[in-house]
Amino acid sequence: MDKGRTCYFCHFWIGEGVRERGPHGQCRRYPPVVTARHPDGKFPRTAATDSCGEWQRMGQAPAGEDSGARS
Ligand code: SF4
């Protein structure tokens, strides 16, 4: 696995702590998940070193999606 393709470098990640850069944070790729423990919903918490197949480079619009800007 490419070591740069971790949550720390992902477009969707907001880290906790100093300057929001981890070592843990929230994945904002999808809406909050409702569980029995969190009935109001909660974003998944991940480690900066975690990764998944939805990874996108920081500062780039997700593949296949526009940036929301209209011309
Ligand atoms: S879990 Fe996946 S989509 Fe979420 S921040 Fe980490 S790499 Fe990105």
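His-11 is partly exposed, because 15 C-beta neighbours lie inside 10 Å. The scale: 20 or more other C-beta atoms within 10 Å is buried, 12 or fewer is exposed, and in between is partly exposed, with C-beta atoms placed from the backbone.

A word on the source. This is a predicted model: local features need pLDDT of at least 70, side-chain atom pairs count only at pLDDT 80 or more, and totals for chains, interfaces and linings use all residues. Residue numbers start from 1 along each chain as its sequence is written.

Back to His-11. His-11 and Gln-60 are 49 residues apart along the chain, yet their C-alpha atoms are separated by 6.9 Å.

Now Gly-53. Is it buried or exposed? Gly-53 is exposed, because it has 5 other C-beta atoms within 10 Å. Its C-alpha is 9.4 Å from that of Arg-5, 48 residues away in sequence.

Next, the core. The largest nonpolar core has 5 residues: Cys-7, Tyr-8, Cys-10, Trp-13 and Trp-55. Such a core is a set of buried Ala, Val, Leu, Ile, Met, Phe, Trp, Tyr and Cys residues joined through C-beta atoms within 7 Å.

Last, the ligand. Among the residues around it are Cys-7, Cys-10, Trp-13 and Trp-55, and these four also belong to the core. Arg-29, Asp-50 and Glu-54 surround the ligand too. Here, near means a C-beta atom, placed from the backbone, within 6 Å. The shell divides into 7 nonpolar, 2 polar and 3 charged residues. Ala, Val, Leu, Ile, Met, Phe, Trp, Tyr, Cys and Pro count as nonpolar, Asp, Glu, Lys and Arg as charged, and the others, Gly among them, as polar.
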